[in-house]
Amino acid sequence: TLVTARAHAHVVRDVQARRTERRPPPPYTTSTLQQDASRKLRLSAKQAMDAAQRLFEAGAITYHRTDSPRVSDEAALMARQHIAAHHPEALPERAPRARAAAGAQDAHEAIRPTKLSSEEVPAGPAATLYAMIKARFLASQSKPATFDRTTVLIDAGPVPWAAEGSVLLDAGFLVFWGPYARQEDVVLPQVAAGQTLTPDDLRVHEKSTQPPSRYDQGALIKKLETSGIGRPATFAGIIDTLLQRDYVREVKGAGRGKGAGKAFLQPTEFGLQVDGLLTSAFPELVTEGYTAEMEARLDEIERGGVTRPAYL
């Protein structure tokens with residue numbers, strides 16, 4: 001293929017562009033805060049919750065144990081006034097509203113700053129976490145970002161090529177969230193159909209299917225949440241128990257990829273033995289379904305739906 005491609009001129013066959021929008025993320029819940037603290041700030045779940053506790057005690061943020069992305073009308077107005085003063089181009093016509101996940105208790109609103117002027121926050125990890133909470137809150141109340149998603153189709157004789165990328169047209173919420181957003185898109189140069197290109201180099205990259213990566217703390221919290229296991233206040237404690245009892249240990253990712261230097265959770269020999277013994281002795285009790293169903297039924301009791309769980 002490369003030999004054939006090198007023998008022909010590379011001509012742009014077509015340039016396809018379509019306008020797309022990227023909506024802002026909702027404000028933080030306890031789960032999403034812990035996930036981002038792990039992925040973006042390299043803080044453990046316990047470190048994130050300790051820092052959030054300091055911020056809450058200092059009056060810098062709202063209550064940090066919540067499963068709701070709801071924002072009060074007063075907070076939405078505070079955000080809109082701040083956006084209008086600093087980035088009016090990012091202000092939407094109406095305040096966005098995020099919906100809570102099914103089963104959320106919605107006892108407290110989302111994690112957000114209590115005020116947006118003259119902030120005084122504790123130093124260290126708490127200050128870093130606060131900056132991310134503030135950026136997320138303001139981003140959640142901003143306009144979507146607008147892109148031109150572009151595909152360039154190129155022919156080198158019988159060999160077709162395609163390049164995909166995007167051009168940012170309107171930053172929207174990214175004026176606040178940009179430092180924390182994943183930059184995955186490639187910005188392509190402007191070319192036109194019929195244009196002849198001169199390639200600098202031609203390479204073929206062989207890719208093989210990789211096994212799924214190990215859980216880091218953020219990924220494990222997301223798994224617990226989607227499986228219906230635990231509550232916002234318990235995620236950090238679950239992981240801390242696994243580590244303290246030596247069921248798992250944290251290992252640093254090797255190599256130069258995006259996982260390099262990142263801490264992943266690896267089961268210990270002791271943890272595998274305990275899991276094997278419990279699975280053998282109590283197979284029904286150590287499944288995801290049992291724990292999730294138990295918590296769902298306890299929620300029904302709280303709402304007055306049933307008098308006791310079916311397994312009692």
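This is a predicted model: local features need pLDDT of at least 70, side-chain atom pairs count only at pLDDT 80 or more; totals for chains, interfaces and linings use all residues.

Colleague: How many helices and strands does the protein have?

Modeller: There are ten helices and six strands; these are DSSP runs numbered from the N terminus, helices being H or I of at least four residues and strands E of at least two. The radius of gyration, taken over C-alpha atoms, is 25 Å, well over the 20 Å of the globule rule for 312 residues, so the protein is more spread out than a compact globule. That rule is 2.2 Å times the number of residues to the power 0.38.

Colleague: How is a pair of packed helices described?

Modeller: Two packed helices are described by the angle between their axes and the distance between the axes. Here α2 (residues 30-41) and α3 (residues 45-57) pack at about 120°, with axes 9 Å apart. Axes are lines fitted to C-alpha atoms over the stretch in contact, and angles run from 0 to 180 degrees between N-to-C directions.

Colleague: Which residues of α2 and α3 make the contact?

Modeller: T30, L33, Q34 and A37 of α2 meet A45, A48, M49 and A52 of α3, contact meaning heavy atoms within 4.5 Å.

Colleague: What share of the residues of the protein is buried?

Modeller: Of the 312 residues, 36% count as buried, that is, under 20% relative accessible area with a 1.4 Å probe, protein chains only. Residues 24 or more positions apart supply 72% of the contacts with a separation of 6 or more.

Conventions:
Residues are numbered from 1 along each chain as its sequence is written. Side-chain values use heavy atoms; hydrogens and water are left out. Buried means under 20% relative accessible area, exposed over 50%, partly exposed in between (1.4 Å probe, protein chains only).
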